[in-house]
Amino acid sequence: DAGVTQSPTHLIKTRGQHVTLRCSPISGHKSVSWYQQVLGQGPQFIFQYYEKEERGRGNFPDRFSARQFPNYSSELNVNALLLGDSALYLCASSSGEGGNEKLFFGSGTQLSVL
Amino acid sequence: RKEVEQDPGPFNVPEGATVAFNCTYSNSASQSFFWYRQDCRKEPKLLMSVYSSGNEDGRFTAQLNRASQYISLLIRDSKLSDSATYLCVVKRGTGGFKTIFGAGTRLFVKA
């Protein structure tokens, strides 16, 4: 069975542009969450979606948005890119939204903003 | 102050050693606790959940002290393959959860 897949794997953008990152969860998983990881730090929670509804949001500006589709795949959008948005963006899926649900991560999208 | 704090290390230990990592969390509403492992330039992977009664998985033992808001991970008989960053993870919320990661503790196991 396929794990969590993310695309693209690498991306280079310039300041002010926008970017869309994509994630396909493990088959049967209904929850997707997004994280930003800067080198040397742990992943920072951005959003959680379950059954196409936003269920949790971290401390990120409104330039960050996301959605989940009927097939449970998800997109993360970032507008007006800043240099500080350069990071590894991780997507994780879980079967449900409960607190004990285990997260399964994709290998991430490395975003570089120049 | 960060919501989940870990000693960043690095911990440099010889093969066969026992090593312990600690983690503290500041939000008493935290409900679920985990240890994840992250290899260099790879995604995090679940190592184990952490329960109040303590739990063990082979060479790994995790403990939770809710009163002190403290989580620990003990690795016995360290292997070279245990070299990685260990992330302490806390979940909190109702009807939707925030997942908070610590910055991680680096472990190097040497022959």
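Visitor: Let's start with A:F60: does A:F60 count as buried or exposed, and why?

Guide: Relative accessible area is the thing to look at: under 20% is buried, over 50% is exposed and anything in between is partly exposed, using a 1.4 Å probe and protein chains only. A:F60 has 17% relative accessibility, so it counts as buried. A:F64 is buried too, with a relative accessible area of 1%.

Visitor: How should I read the labels, and what kind of model is this?

Guide: Residues are numbered from 1 along each chain as its sequence is written, while chains are lettered from A and ligands numbered from 1 in the order in which they are written. The model is predicted, so local features need pLDDT of at least 70 and side-chain atom pairs count only at pLDDT 80 or more, though totals for chains, interfaces and linings use all residues; side-chain values use heavy atoms, leaving out hydrogens and water.

Visitor: How many aromatic pairs are there?

Guide: Rings of Phe, Tyr and Trp (its six-membered ring) pair if their centres lie within 6.5 Å; planes under 30 degrees apart are stacked, over 60 edge-to-face, and the rest tilted. Over all chains, this structure holds 12 such pairs. Take A:Y35 and B:F101: ring centres 5.6 Å apart and planes at 80°, so they are edge-to-face. A:Y35 sits in strand β4 (residues 31-37) of chain A and B:F101 in strand β10 (residues 98-101) of chain B, so this pair joins two chains. A:Y35 is buried at 0% relative accessible area, and B:F101 is buried at 5%. And back to our opening residue: the rings of A:F60 and A:F64 have centres 5.1 Å apart and planes at 65°, so that pair is edge-to-face.

Visitor: Which residues form one aromatic cluster?

Guide: That would be A:Y35, A:F45, A:F105, B:F34, B:Y36 and B:F101.

Visitor: How many helices and strands does chain B have?

Guide: Helices (H or I, at least four residues) and strands (E, at least two) are DSSP runs, numbered from the N terminus. Chain B has zero helices and 11 strands.

Visitor: And what do the contacts in chain B tell us?

Guide: A contact means heavy atoms within 4.5 Å. Of the contacts in chain B with a separation of 6 or more, 57% come from residues 24 or more positions apart. Buried residues make up 48% of the chain's 111 residues.

Visitor: What does the C-alpha trace of chain B span?

Guide: About 45 × 30 × 25 Å along its principal axes.
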